[in-house]
Amino acid sequence: MSIRTTAILNLKGGVAKTTTAINMAAILARNHGSRVLLIDADSQCNTTEFFGVDSSGSNLAEILRNAQHYDDPGAYAAGCIQGTQYDRIHLLPGDEMLMDMDLSKVEQGTVCSNVLRYLVEEVKDMYDHILIDCPPAFNAASAAALIAADDVIIPIKLDAFSLRGMGNLMRQIKNMRKINPRLKIAGLLPTMWYKDLQIQDAEKQLRDAGLPVFHHIRRSDKVDKMTFQQDPLLISSPNSAAGVDYRKFVAEYMRRK
Ligand SMILES: Nc1ncnc2c1ncn2[C@@H]1O[C@H](COP(=O)(O)OP(=O)(O)OP(=O)(O)O)[C@@H](O)[C@H]1O
Ligand SMILES: [Mg+2]
């Protein structure tokens with residue numbers, strides 16, 4: 001099986017990008033036996049903190065800044081990967097300095113936006129899946145993620161604000177195809193779903209627009225609890241609505257390659 005690199009992206013904040021990255025990683029590793037590398041590309045470092053990984057050493061911000069000074073940037077980046085308490089889940093930590101890395105740094109050449117692509121090449125025999133938890137912004141880290149990725153998962157909360165933001169996001173992804181022509185949209189993932197006519201109508205609108213839409217993830221208060229417990233749903237609440245839906249979603253993601 002060849003490695004699959006997936007960016008989890010939406011420019012809108014709070015739509016469950018990190019929740020999706022964490023739970024996908026756990027399900028892929030424990031239920032599918034996959035070797036997973038999680039990359040925390042967000043300055044909020046929620047994924048890094050969830051796994052209790054120390055980002056004070058080498059992290060993605062340093063890699064983006066320093067990679068160009070290394071003869072082998074991929075090997076340098078791979079050297080910054082850390083283990084977690086879970087078998088088969090490794091993590092490249094984020095850092096709050098990622099916040100200062102806007103796209104102008106890529107244009108000025110002070111940030112190496114190709115470094116995650118080099119990293120994928122370096123570790124392609126060590127992992128089956130790389131998942132990149134992106135920030136709610138289009139900055140140097142999200143550009144690096146989309147340059148490295150095979151596909152994108154777009155978690156979306158079905159409200160009017162999120163739906164309106166989709167056009168902008170689709171334009172950004174289309175733009176990135178000029179640099180990374182193999183970049184595909186794996187699908188939109190409706191999150192925090194609950195039974196309601198407007199929500200169901202919004203979901204239908206996305207499908208009718210011809211967009212690939214995964215089966216939704218139901219709203220569940222076990223997700224907030226999971227963030228306190230620091231255990232993925234598979235361990236903390238496997239039979240919660242969101243726990244069940246995330247397993248269904250990962251099976252669908254594996255089928256839709
Ligand atoms: N299925 C769900 N049911 C209930 N709450 C959820 C669900 N998924 C996520 N949440 C909650 O929504 C909030 C936002 O989730 P999360 O941090 O994963 O979003 P994000 O898109 O990564 O945010 P940011 O843009 O800030 O990085 C969290 O409080 C999380 O616990
Ligand atoms: Mg997040």
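About 30 Å³ of space lies in the largest cavity of this predicted model. A cavity is a set of points, on a 1 Å grid over the protein atoms alone, where a 1.4 Å probe fits but cannot get out, whereas a pocket is an open set with protein on both sides within 12 Å along at least five of seven lines; lining residues have an atom within 4 Å of a point. Grid points are joined across faces, edges and corners, and a volume is the space filled by probe spheres set on the points.

In this predicted model, local features need pLDDT of at least 70 and side-chain atom pairs count only at pLDDT 80 or more, while totals for chains, interfaces and linings use all residues; side-chain values use heavy atoms, with hydrogens and water left out. Residues are numbered from 1 along each chain as its sequence is written, and chains are lettered from A and ligands numbered from 1 in the order in which they are written.

**The largest cavity**

- The count comes to one cavity of 30 Å³ or more.
- The lining of the largest cavity consists of Asn-23, Ile-27, Leu-233, Leu-234, Gly-243, Tyr-246 and Arg-247.
- At least two lining residues come from each of α1, α11 (233–236) and α12, where helices (H or I, at least four residues) and strands (E, at least two) are DSSP runs numbered from the N terminus.
- The most is given by α12, with three residues.
- This lining has four nonpolar, two polar and one charged residues; Ala, Val, Leu, Ile, Met, Phe, Trp, Tyr, Cys and Pro count as nonpolar, Asp, Glu, Lys and Arg as charged, and the others, Gly among them, as polar.

**The largest pocket**

- The volume of the largest pocket is about 350 Å³.
- Its lining has 18 residues, and Ala-16, Lys-17, Thr-18, Thr-19 and Asn-46 lie nearest the centre.
- The helices α1, α2 (46–50) and α10 each supply at least two residues of this lining, and α1 gives the most, with four residues.
- By class, the lining of the largest pocket divides into eight nonpolar, seven polar and three charged residues.

**Ligand 1**

- Ligand 1 sits in the largest pocket, which requires more than half of its atoms to lie within 2 Å of the grid points.
- The elements that give two or more residues to the shell around ligand 1 are α1 (17–31) and α10 (222–229), and α1 gives the largest share, three residues.
- There are 17 residues around ligand 1, of which Lys-17, Thr-18, Thr-19, Ser-220 and Asp-224 come nearest; a residue is near a molecule if one of its heavy atoms lies within 4 Å of it.
- The shell around ligand 1 contains six nonpolar, six polar and five charged residues.
- An oxygen atom of ligand 1 is 2.6 Å from an N or O atom in the side chain of Thr-19, and an oxygen atom of ligand 1 is 3.0 Å from an N or O atom in the side chain of Gln-44.
- A nitrogen atom of ligand 1 is 2.9 Å from a polar backbone atom of Ser-220.
- Of the 630 Å² of accessible area that ligand 1 has on its own, the protein covers 82% (Shrake-Rupley method, 1.4 Å probe).

**The second largest pocket**

- The second largest pocket holds about 220 Å³ of space.
- Thr-19, Met-192, Ser-220, Val-223 and Asp-224 lie nearest its centre, among 13 lining residues.
- Two or more of these residues come from each of α10 and α12 (241–255), with α10 giving the most, three residues.

Notes: Polar contact = N/O pair within 3.5 Å; in protein donor to acceptor, adjacent residues only side chain to side chain.
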